[in-house]
Amino acid sequence: MRRTLLMLTAAAGALVLTADAASAQSATIAQLQASYTPVGRLPAGTYGVTNMAMPATFVVDLRARNPSAQLLVQQGGAETKHDVKFVNTSSWTGQTRVDQFSFWFDQGDDILVTCTVARRDAHRFSGLCKDAADREGWIEVMGRAGESVGPGVWYGPGQG
């Protein structure tokens, strides 16, 4: 009887820990507003969001040791998904603010795009994107107003 009671207590404890871990993990996924001007469509000498920009969503998943993301670009009623790969994520501990980072994705038709973005304010990153032919584009990623955005803690009050 005592052994059965100990086993049930251990099983209940494991379920509680698993539920808490699942809640903590799901909090590491962020859907951030973005705008993306594809490479080749950014007017020469212009660095910023233009009327050529398309609305997008930047979905970041920080549950894994190596963060992953997707850029979902809306155009003409359709959504195109690009899998994003971050560059040099070893410094992303969540303990310190990151003010610049780089990533790349396949834009389609064998066009690889690399982007380097910098923090513009507490809740906004933006930066230049280029392809192998040096055609330029622009991306801006924004957290919720008044909340900071950054790898490790992509959004949340009091960060930054």
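Reader: What does the accessible surface of the protein come to, and which share belongs to carbon and sulfur atoms?
Author: Happy to start there, with a predicted model in which local features need pLDDT of at least 70, side-chain atom pairs count only at pLDDT 80 or more, and totals for chains, interfaces and linings use all residues. Residues are numbered from 1 along each chain as its sequence is written, and side-chain values use heavy atoms, leaving out hydrogens and water. By the Shrake-Rupley method with a 1.4 Å probe, the surface is about 9600 Å², and the carbon and sulfur share is 53%.

Reader: In which order do the 8 strands close into a barrel?
Author: Strands here are DSSP runs of E with at least two residues, numbered from the N terminus. Two of them pair if DSSP finds at least two bridges between them. The pairing in this barrel is antiparallel, and the order is 1-2-3-4-5-6-7-8. From one strand to the next, the twist averages 30 degrees, on a scale of 0 to 180 degrees between N-to-C directions of axes fitted to C-alpha atoms.

Reader: Which residue in strand 8 stands opposite Gly127?
Author: Strand 7 (residues 124-130) pairs with strand 8 (residues 136-142) in the antiparallel sense, over 7 bridges. In strand 8, the residue opposite Gly127 is Ile139.

Reader: Is Arg119 buried or exposed, and which side chain does Arg119 join in a polar contact of 2.8 Å?
Author: Arg119 belongs to strand 6 (residues 111-121). Its relative accessible area is 14%, so Arg119 counts as buried (under 20%, against over 50% for exposed and partly exposed in between; 1.4 Å probe, protein chains only). A polar contact is a pair of N or O atoms within 3.5 Å, one able to donate a hydrogen and the other to accept it within protein; residues adjacent in sequence count only if both atoms are side-chain atoms. At 2.8 Å, the partner of the Arg119 side chain is that of Asp99.

How values were computed
Helix = DSSP H or I, 4+ residues; strand = E, 2+ residues; numbered from the N terminus.
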